[in-house]
There are 2 protein chains.
Amino acid sequence: MRSSNWKVLLLGYGNVGKALRRMIRERASMMGLNVRIEAVVNRSGIMIGDGEHFVKSNEGTPLDALNQVSPDLVIDVSSANYENGEPSISLYREAITRGIGIITANKAPLALKYGEIVDLAHRHGVPIGFQATVMSGTPSINLIRLMAGSYVTKIRGILNGTTNYILTRMDQGLSYDQALKEAQEKGYAESNPEHDVNGFDAAAKLTILTNFAMNKRISIKEVKFSGITEITQSMVSEARNESKKFKLIAQSEGNVTKVSVMKVGVDDPLFHVDGVMNALDIHSDIQEVTIVGPGAGPQNAAFGVFSDLVLISKGLI
Amino acid sequence: MRSSNWKVLLLGYGNVGKALRRMIRERASMMGLNVRIEAVVNRSGIMIGDGEHFVKSNEGTPLDALNQVSPDLVIDVSSANYENGEPSISLYREAITRGIGIITANKAPLALKYGEIVDLAHRHGVPIGFQATVMSGTPSINLIRLMAGSYVTKIRGILNGTTNYILTRMDQGLSYDQALKEAQEKGYAESNPEHDVNGFDAAAKLTILTNFAMNKRISIKEVKFSGITEITQSMVSEARNESKKFKLIAQSEGNVTKVSVMKVGVDDPLFHVDGVMNALDIHSDIQEVTIVGPGAGPQNAAFGVFSDLVLISKGLI
């Protein structure tokens, strides 16, 4: 799939989509890439061509858009639908069988049906990039691609910035409610923070990572997760007295894949990862490496997608 | 240069070379690679073919070996010669002009003549991999490859495990001499530790990183470096009283490229990197990411070379 010319169909056009459009305009040609957004499709319809603001050209579904523009690549920056992964999953199926590659920043399709989608892509020899689903633009999936030839035996990470911010602020003395409110005010938590604070978001990312790093075929439905809602200020201050911190740890080893709050000590590389930062600790049969970086933000997510575009163009994905 | 068949000429055959040979035998075919070591050349002569132990087939220089076996790839795991980078540099020049790719774990040629060698490789369209020169098998150079499309504005790292081990043990109460002796006993420091403790080794790695990450053309001769030999137990304990640690920091920003001991506080991602671990903090116009991992060891260095082999085969390098 080595190519430098890409006609793109973009699914979704929120902040990530707009940041990606800007990034493509500013950076693609200097990377030797000729990338054209042929159409954008969202819930309200289809925009043919490339505009800063969405202006509907015609009604239609993502499949209609696929038929209308015949892209080389579908980029999914739509928001996650964990009910059934639609309309993304149907679009991926159709695109892949037509030989069209996929890059996604949307976690739901792969958290629900990693095996089906990735195996279909492999059978059809089309690339599928999904760096931006885990840790945004901080290399996680793509870092593991670099380590091909080693066997990943264990992954452990802080994969949700919202909960890490809340736990960090609680460690600094705030109550859970105060910390959550502050996170919402700063835009780190949504008005309905349920998927973050109950561990579901981290579990979705862990599902994707586990499938990819350990060559599994699991769904998020099989992953045990719990969140931070039971953590109280007194538990946090007691931990601090032992020089420990509570962290929401997403971990896979052997057949155990789970997200739960754990008390970690200063010797743990995840102890020092505070605020909205994310981190991933990868143990392989060769070495243990830890990467720390931002896990969210439109510009970061757009960069995760852009990185996949570069790697697909060079033939690494 | 996308290929899965490689005839290799190996320069040097110490612990890294032997670990690499084993890794190729155990892991190349599962990666879809067909890699054959055609000859090994070291100071004593040439071994034609692939054997666990070096047995000289005939006298000859690296250039003689190149003529004898016509490889597709030269892998340099010989030890660094900072006098003039020979015999590696002459071998690279000749190999590159014949269209033969290079992977090196040897820092000296690129620390001395990065610009000449890398530009020659680009002109001839041949790949040159050098992940193993910096942080061994922990992705550093190759991590930056993943971030193509972003502009690296600053790099800061702990790039020498020996000095980090000594400083860590001094932080735990040992004197410089005790810590150095212990490092030597554990095999972390050589009997002549000069290139480690005076900052030269870190400066060589920083030179390579700076050239690559910031597209510069500097030689180690232009890099200011100092080491840890002036650090006393009383300085370390005074820093500890301020909750700080001394770290040997290799840093490039703008036109300043230098290695020096700095006092860092708990908010610095490098504060928590102790013992023989290495770390690299990469600031780009998109994000700051930090990677932490082992920076030495035959198996690790062999993996760094192996990773380059995989990336060259896939076309990323």
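Modeller: In chain B, strand β2 (residues 34-42) pairs with β3(B) in the antiparallel sense, over four bridges. One residue of the pairing can be named: B:Asn42 has B:Gly45, in β3(B), as its bridge partner. The model is a predicted one. Both strands belong to an open sheet of six strands in chain B, with the order β3-β2-β1-β4-β5-β6 and mixed pairing. Because β3 (45-48) and β6 (128-129) of chain B each have a single partner strand, they stand at the edges, and one side of each is left without a neighbour in the sheet.

Strand pairing also occurs between the chains. Strand β12 (residues 288-294) of chain A is joined to β12(B) by three bridges, and the two run antiparallel. Here A:Val292 stands opposite B:Thr290.

The relation between the copies is as follows. Chain B is superposed on chain A by a rotation of 180 degrees with 0.0 Å of shift along its axis, at an RMSD of 0.0 Å. This is the relation of a two-fold axis. The C-alpha of chain B nearest that axis belongs to B:Ile291, 2.2 Å from it. The same surface serves both copies, since 100% of the contact residues of chain B recur in chain A.

As for the extent of the interface, 38 residues of chain B are in contact with 38 residues of chain A. The two chains bury about 3200 Å² between them, and 62% of it is on carbon and sulfur atoms. Of the area that chain B buries against chain A, 19% is supplied by B:Leu146, B:Ile286 and B:Phe303, more than by any other three residues.

Several elements of chain B each supply at least two residues of the side that touches chain A: α1 (15-27), α5 (141-146), β12 (288-294) and α11 (298-314). The largest share, eight residues, comes from α11(B). By type, the residues on this side of chain B divide into 20 nonpolar, 13 polar and five charged.

Technical notes: Residues numbered from 1 in each chain as written. Chains lettered and ligands numbered in written order. Predicted model: local features only at pLDDT ≥ 70, side-chain atom pairs only at ≥ 80, totals over all residues. Heavy atoms only, no water. Least-squares fit on C-alpha atoms with pLDDT ≥ 70 in both. Contact = heavy atoms within 4.5 Å. Buried area = accessible area lost by both parts, 1.4 Å probe. Nonpolar A, V, L, I, M, F, W, Y, C, P; charged D, E, K, R; others polar. Pairing = 2+ DSSP bridges.
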